[in-house]
Amino acid sequence: MKETERIDELQRNGYRIIQDPGRFCFGMDAVLLSGFARAKEGDRVLDLGTGTGIIPILMEAKSKASRFFALEIQEESADMARRSVALNGLEKKIQVVTGDIKEAEKYFNASSFDVITCNPPYMIGKHGLVNPDAPKAIARHEILCTLEDVIRQAAFLLKPGGSFYLVHRPFRLAEILSLLVTAKLEPKRMRLVYPYVDKEPNMVLLQAVRGGKSRMTVEKPLIIFEKPGVYTKEIHEVYGY
């Protein structure tokens, strides 16, 4: 543990995670993606841009996948992810690799994963950034990679019939679907996430299948709050409490 770090409980299998509030802490989007994604027994799973490793740690707790890999470009975040993996005794199940999403093919073989997940930067470019090199900015804005980079690498690394799971913002949905189809990742499931039942959605969860047929299921809305400060029953179930 470093001076600025803390350990948070994950409410799953007694797992914990190391975070540094001064850098970037995982949000609800990562937790929701880990609940939306599906991995079968024996699957090989890759998380692109893993940050501090929250998605593979949560998915290891919820699935019977055989092995998880996590790619992260920021060494400090990758180091925290490795220490969180060790903290939970998961070194034989989760491997953290320091590297660039744009060059993922250098670290992993083509068509070598059954499942790929990604909670990518949502915002385009550097608009409004005070410090473009700050860890929080890199996590939120497309500074080091674009959505097209993520989707291209996912298509290269997935096995035929493998699934790519993504959480993003609805305002980019048309672009996301277009890029997926172009990369031959066919959108199969979509779920919109709403802060309240009477508000506009602020997240979208997507599953795309490499080489899948053209047919997409739009699942029922996921509502986060019943009222201010009170999560819905489904959100409590996702978080495990």
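A residue is called buried when its relative accessible area is under 20%, exposed when that area is over 50%, and partly exposed in between. The model discussed here is predicted.

The buried positions of α1 are M28, D29, A30, V31, L32, L33, S34 and F36.

Helix α5 (residues 147-157) is largely enclosed by the rest of the structure, because 8 of its 11 residues are buried. Those buried in α5 are L147, D149, V150, I151, Q153, A154, A155 and L157. Which elements cover them? The cover of the buried residues of α5 includes the strands β3, β6, β7 (158-168), β8 (185-194) and β9 (203-210), together with helix α6 (173-182).

**Helix pairs**

Two packed helices are described by the angle between their axes and the distance between the axes. The table gives these values for two pairs.

| Helix pair | Angle between axes | Distance between axes |
|---|---|---|
| α1 and α2 (residues 54-62) | about 35° | 9 Å |
| α5 and α6 | roughly 30° | within 10 Å |

The crossing of α1 with α2 is right-handed. On the α1 side the contact is made by A30, V31, L33, S34 and G35, and on the α2 side by I54, I55, L58, M59 and K62. By class, the residues of this contact are 7 nonpolar, 2 polar and 1 charged.

For α5 and α6 the crossing is also described as right-handed. Here L147, E148 and I151 of α5 meet E175, I176, L179 and L180 of α6. This contact divides into 5 nonpolar and 2 charged residues, with no polar ones.

T117 is part of strand β6 (residues 113-118). Is T117 buried or exposed? T117 counts as buried because its relative accessibility is 0%. The T117 side chain forms a polar contact of 2.8 Å with the side chain of D47. Apart from neighbours within four places in sequence, the contacts of T117 are L33, A37, L46, D47, L48, I55, M59 and Y165. Among these partners, L33 also takes part on the α1 side of the contact between α1 and α2, and I55 and M59 take part on the α2 side.

**T50 in a loop**

T50 sits in the loop between β3 (44-48) and α2. Its relative accessible area is 4%, so T50 is buried. With neighbours within four places in sequence left aside, T50 is in contact with P56, A70, L71 and E72.

**Cysteines**

How many disulfides does the model contain? The count comes to 0. A disulfide requires a pair of cysteine sulfur atoms within 2.5 Å. The sulfur of C25 has its closest cysteine sulfur in C118, and the two are 19 Å apart, which is too far for a bond. C25 is partly exposed, at a relative accessible area of 22%, whereas C118 is buried, at 1%.

**E226**

E226 belongs to strand β12 (residues 225-227). With a relative accessible area of 56%, E226 is exposed. Not counting residues up to four places away in sequence, E226 touches Y231, T232 and K233. E226 and R189 are 37 residues apart along the chain, and their C-alpha atoms are separated by 25 Å.

Q11 is not a glycine, yet its phi is positive, at about 60°. Q11 lies in the loop between β1 (6-9) and β2 (16-19). Its relative accessibility of 44% makes Q11 partly exposed.

K184, likewise a residue other than glycine, has a positive phi near 65°. The position of K184 is in the loop between α6 and β8. K184 counts as exposed because its relative accessibility is 63%.

Note on methods. Residues are numbered from 1 along each chain as its sequence is written. This is a predicted model: local features need pLDDT of at least 70, side-chain atom pairs count only at pLDDT 80 or more; totals for chains, interfaces and linings use all residues. Side-chain values use heavy atoms; hydrogens and water are left out. Buried means under 20% relative accessible area, exposed over 50%, partly exposed in between (1.4 Å probe, protein chains only). Helices (H or I, at least four residues) and strands (E, at least two) are DSSP runs, numbered from the N terminus. A polar contact is a pair of N or O atoms within 3.5 Å; within protein, one must be able to donate a hydrogen and the other to accept it, and residues adjacent in sequence count only if both atoms are side-chain atoms. Contact means heavy atoms within 4.5 Å. Axes are lines fitted to C-alpha atoms, for helices over the stretch in contact, and angles run from 0 to 180 degrees between N-to-C directions. A crossing is left-handed if the near helix is turned anticlockwise from the far one by less than a right angle, and right-handed if clockwise. Ala, Val, Leu, Ile, Met, Phe, Trp, Tyr, Cys and Pro count as nonpolar, Asp, Glu, Lys and Arg as charged, and the others, Gly among them, as polar.
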